[in-house]
Amino acid sequence: MSIRDIHIEDFDYPLPDSRIARHPLAERDRCLLLVRHSDGEVETRRFTDLPDLLPADAMLVYNNTRVINARLRFRKGDDGTGALIEIFCLEPRRPADYAQSFASTAECSWTCFVGNSKKWKEGALRMPLYIGGENLVLSATREGREGNASVIRFSWDNPAVTFSSIIAAVGEIPIPPYLNRSTEESDTTDYQTVFSHIDGSVAAPTAGLHFTPAVLEAIDRRGIAREELTLHVGAGTFQPVKSDTIGDHEMHSEFISVDRRLIERLRDGDRRVIAVGTTSVRTLESLYHLGCMIHEGLDPAVLPQWYPYSPTHPSLSTGDAMQAIIDSLDRNGEERFVASTRLMIAPGYMFRIVRGMVTNFHQPRSTLLLLVSAFIGEGHPSWREMYDYALDGEYRFLSYGDACLLL
């Protein structure tokens, strides 16, 4: 059977609402950790045990993205008493570079979801603000459509204030919709990893939420290498597969950025790569295929979702694929490799770089569950047996829930 013919109903399971964690534990690293060893044995540990469970030759790779206050709420009318319009920023359009957009001091455009859109037919929305001792008026104007999203131009009348300062002051952290609650003050810190420092995501790389300084220090004491990369998580990560077969599901695009140093380490292959979260898995595996695209003379700006499954895929060694990226960096005089990925990882996918992953328990019928199933393969236990084990063992599910270590 072709990968595209996989039925998403085979990746459904009953998830009681009571098993969805609404908040994290007071001590992040005290959560349960389901460990699937390389021989298929499964056991329950605590996340604080992770440093001792990692292979001695491991290199832990995590996503350093930071969740932005992406949700802005405007009121129609000059007196601020009209209909509430919610604008959810997804990704920058002009300038398209995240850092440049956040540094803008007059205007910028973003692709956004618009809530209560029917109440906003024309004209600009305005919001008077006072930020850091500066007065300004923030305006939002519709410039067009992009699929089920809108292109919104933000403009403001005070060049002393950046767009980053604006969303930090008046935006809200966009917690996942399946939590079925409003954003709370605690989410400002709870929904960020301890290693987040590159603004851009609208959702947290949630496997990283379990890490604490104490866990990282214990990892360092064991001599396990740590490296970081960037994938800005998009809202598409929450979208279930609605088509009967995954071949009809369009994967969302996500921005990735990786330092030359990590690419060189991946080329040398002297460490066993353990990825923290599905976002790190997608980035690392995307690097391999982007290197293959460069080798073929293709534009590596965007990795198509089905490229890895092409019968004409060049199937380079990992070292050669990484060297192709390094050669490209040399030609362009750059130290970071930047691209976007639409990679679909589903059962039948051949992993080229990742040898282990730390991840959470994912939604039914999701692309993230497909990725986990692909990594486990057809061995025992299957993803379903693992999830049954977790449900029977009172594990907590989804973003603020418990974790897995898959080796």
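**Exercise 1.** Determine which helices each supply at least two residues of the lining of the second largest cavity in this predicted model.

*Solution.* A cavity is a set of points on a 1 Å grid over the protein atoms alone where a 1.4 Å probe fits but cannot get out, and lining residues have an atom within 4 Å of a point. Helices are DSSP runs (H or I, at least four residues), and strands are runs of E of at least two residues, numbered from the N terminus. By these terms, α7 and α9 (367-376) each supply at least two lining residues. The lining holds 14 residues, and those nearest the centre are Met 251, Arg 282, Thr 367, Leu 368 and Leu 371.

Residues are numbered from 1 along each chain as its sequence is written. The model is predicted: local features need pLDDT of at least 70, side-chain atom pairs count only at pLDDT 80 or more, and totals for chains, interfaces and linings use all residues, while side-chain values use heavy atoms, without hydrogens and water.

**Exercise 2.** State how much space lies in the largest cavity, and which element gives the most to its lining.

*Solution.* A volume is the space filled by probe spheres set on the points, which are joined across faces, edges and corners. The largest cavity holds about 240 Å³. Its lining has 22 residues, with Ala 204, Thr 206, Thr 237, His 362 and Leu 368 closest to the centre. Both α7 (277-295) and β17 (354-360) supply at least two of the lining residues; α7 gives the most, with three.

Methods
On a 1 Å grid over the protein atoms alone, a cavity is a set of points where a 1.4 Å probe fits but cannot get out, and a pocket is an open set with protein on both sides within 12 Å along at least five of seven lines; lining residues have an atom within 4 Å of a point.
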